[in-house]
Structure formats: C-alpha cells, structure tokens
Amino acid sequence: MTTFPLANLAEETAAALTRIGAANELADLLEAHAHVLGRRSALVALQKSLGALAPQERAGAGATLQDARRRVEEAYEARRVELEARERQRALELDRLDLGDVVVERVTWSPSVGHPSLVATTQRELEDVFVAMGFRVADGPEVESDWYNFEALNIPPAHPARGMWDTFYVELGDPETVVLRTHTSPTQIHLMEHAVATNTLPVHSVMPGRCYRRDTPDARHLAAFHQVEGLVVDRGISFADLAGVIETFTRAYFGPDIESRLRPAYFPFTEPSAEFEITCTICRGEGCRTCSHTGWIELGGCGMLDPAVLEAVHIDPDEWSGFAFGFGIDRCAQMRHQIADMRALIDNDVRFMEQFS
Ligand code: PHE
C-alpha cells in the first residue's frame, strides 16, 4: 500500500499559487490555469494516485487534495478578476485623449472638421500678395447709400453708366437711395474721406468684400460675389505704377505661365480706364464655354483716378493723383483652381468643398 505524498501536495500547491500570482496578462493566466489544474497537471496526477491508497487513508487525503484544489482555483479566480479589471482600465486609457489637464473621452466615430471656404481662403491669399507689395487691408459696408455707390464715383443719377451695374435696392428711406453695393469701389470713397479727415494721405490700400448684382448666375457670374478693390492716392502716381501692380499681382498669384493683358475700357471714376484679363486656365487660351470661346477671362477693371472723384472727397487733384482697381475674388479662385462653372462655389456640395480644405 502506498502512502499519499502530502509533502508533494504542499509543494505543488505552493508552486501553483506562485505561478498564478506571477501571471501578469490574461493570456499568461490561462496558460497557468492549464498548467496547474489541467489534465496533465501535478494536482490531477495526485488525484489519480488516490485510488491506490488504503480506504481509510483515501478519505483524508482526498479532502486535503480537494482543499488544495479549491485554494488554487480561488487564487485563479481572484487573479482573473484582477487582470480583467486591469485590462479594461488600460483599454479605457487608450481611448482617452490627454489634453494637458483636461482628459476628454475620445469618440469612436471621427467627426468631420469644417474649414474656411475656397473664397475665404482665396481672399486671404490675395490679401497676402498685396500686403507683400506694401498695401494695407481695409473693409467697408455692404449696404451703401446711392452717393457712395454711385454719385461720389462720378455716376450721377440717371447716368447711362448706371446700367453697368444691375442694382439691388434696399427698402429704406426714399426709394432707390439705399443699395446693396454693386462693387467695392464705394469703399475707396470711405477711405479717402477718412484720410482727409485725419490728414493721413497718402493711401495704399486694398479692400476685399462681398458685392451684389441683379445678375442671373452663370458659369462666370454670381449674384452675390466678392471683389477686392485697390486704391493708391499719392504724389506723382502714373499709369505705369498701376500696370506694374497688376502685372506683379497676376504673376504672384497665377504664376508666370499665365498671361495677363490690359485693354482700354470705360469706367466713370477712372480716366484712362482698362480692363484686365488673364489667359483662361480652363482651356489654356484655346477657347471654351467658361471663357465664351475667347481664350481670356476678365478679372476686373482699373484706371487712373478721375479728378472728379478726388474733388468729391476734397482732395486737390493738382497735388494728388492715384489709381484704383477692382476685380473678382471668386473669379480668381475659379481660374486658380480651374473650376469650369462658378456656381459650384455656392452649391454646398461637400465633395466639391472638401477638395479645398
Ligand atoms: N468697380 C468696377 C467694377 O466693379 C471695377 C473698377 C474698380 C474699375 C476700380 C476701375 C477702378 O466693375
């Protein structure tokens, strides 16, 4: 008759408890479980050896063995709960964003983040080009009186040139006295008035902003659009200065591959006046629907300040001269990014807009 190896049992139990305690990951613990309690474990081998014992010894040894087994199993359970909690904590921590003192739970879906529109970005880029040339940036109201939008710009009531701007009127005061500005040129008047009032001539400024015309939107026009106005009032300014600024701007913004040209034109507030155009970037000058098959896109107008405009704001045209220009920001965005139809800018199609984030 063999005797039950109690010393062995104590040793195996201690080894099993150590192994369970040493498991630091759930995977290790499962392995430890198989090792200390599985079919080929020392404890199961001891259990099998019970059969060889004398009956009176077997009962006692069986109870001792059961007790040992229970202790090992309890240790395993406790460790499992511990390691699972630790793993959950770790997963939670990975799922947080640490923002200094503030800890924010990270959301599992990724929210799409907005960005400035293409027109806003283009406006900033254009401002940068002009600031680099020494211009300051100013802005003015979108709702103007007839005087600022037209009269001070040498366009008296009923002047035929008013037909150049299909105007939205605001129902305020006497009929047709308040308008949504049809161009950024009225801001020239505000700037010159301010310079006179504060005795701060000369002026070298650009004035970007939104304008409105009762136009039917098409590939090149929107009823609400954006212009950037330029104004220089100084001593001894010539047309060559104006042409140089336009040329510098088109090269800086569109690159040297794009040609620009000035063509004689008429504006009541400048004399002489010109329109400036660049090669159509959609067809590279070949002619297409966007440029009405001319190969050129008109960006805006410009010219030397008409003395009548300087006089309207009490600037002496014998002492001061200057030039002005105004062109479409939306047009620039369209040509720079080869957008065949300008209406894409206001369609609010995210697939279009996300290209310009
Ligand atoms: N204001 C003119 C327009 O919108 C453009 C322009 C500005 C022309 C300044 C000459 C000088 O058509």
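**View 1. F130 is buried, and F327 is buried too.** Buried stands for under 20% relative accessible area, exposed for over 50%, and partly exposed for anything in between (1.4 Å probe, protein chains only). Before going further: this is a predicted model, in which local features need pLDDT of at least 70 and side-chain atom pairs count only at pLDDT 80 or more, while totals for chains, interfaces and linings use all residues. Residues are numbered from 1 along each chain as its sequence is written, and side-chain values use heavy atoms, with hydrogens and water left out.

**View 2. Here are some of the aromatic rings, from a structure that holds 17 aromatic pairs.** F130 and F327 make a tilted pair, with 6.2 Å from centre to centre and 40° between the planes. F130 belongs to helix 5 and F327 to strand 11, so this pair ties together parts that are 197 residues apart in sequence. F327 also pairs with F325, and that pair is stacked, at 6.0 Å centre to centre and 20° between the planes. F325 and F327 are both buried. For the terms: rings of Phe, Tyr and Trp (its six-membered ring) pair if their centres lie within 6.5 Å, and planes under 30 degrees apart count as stacked, over 60 as edge-to-face and the rest as tilted. Helices (H or I, at least four residues) and strands (E, at least two) are DSSP runs, numbered from the N terminus.

**View 3. Helix 8 runs over residues 239–254.** How far apart are its end C-alpha atoms? They are 22 Å apart, which agrees with the 22 Å that its 16 residues should span at 1.5 Å a residue. (The expected span is 1.5 Å times one less than the number of residues.) L242, V245, I246, F249, T250, Y253 and F254 are the buried residues of this helix. These cover an arc of only 125° around the axis, which puts them on the same side of helix 8. The arc is that of the directions from the helix axis to the C-beta atoms. A240 and A252, on the other side of helix 8, are exposed. What do the buried residues of helix 8 pack against? Their partners are helix 5 (118–132), strand 8 (260–267), strand 9 (270–279), strand 10 (296–305), strand 11 (321–328) and helix 10 (329–336); contact here means heavy atoms within 4.5 Å. Just after helix 8 comes G255, with a positive phi of about 90°.

**View 4. Helix 10 is largely enclosed by the rest of the structure, because seven of its eight residues are buried.** Those buried residues are I329, D330, R331, C332, A333, Q334 and M335. Following helix 10 is Q338, whose phi is positive, near 50°.

**View 5. Two arginines each have a charged end over a tryptophan ring: R235 over W320, and R261 over W296.** The charged end of R235 is 4.2 Å from the centre of the W320 ring. For R261 and W296, the distance is 3.9 Å. A charge sits over a ring if NZ of Lys or CZ of Arg is within 6 Å of the ring centre and within 35 degrees of the ring normal.

View 6. Most residues other than glycine have a negative phi, and most peptide bonds are trans. R284 is not a glycine, yet has a positive phi of about 55°. R284 is in the loop between strand 9 and strand 10, and counts as exposed at 52% relative accessibility. N348, also a residue other than glycine, has a positive phi near 60°. N348 is in the loop between helix 10 and helix 11 (350–353), and its 59% relative accessibility counts as exposed.

**View 7. H33 is found in helix 2 (residues 26–37).** Is H33 buried, exposed or partly exposed? With 27% relative accessibility, H33 counts as partly exposed. Leaving aside neighbours within four places in sequence, H33 is in contact with G38 and Y76. From H33 to D341 is 308 residues in sequence and 70 Å in space, C-alpha to C-alpha. The protein is divided into domain 1 (6–95) and domain 2 (118–356), with bounds that come from an automatic or database domain assignment. The C-alpha centres of domain 1 and domain 2 are 85 Å apart.
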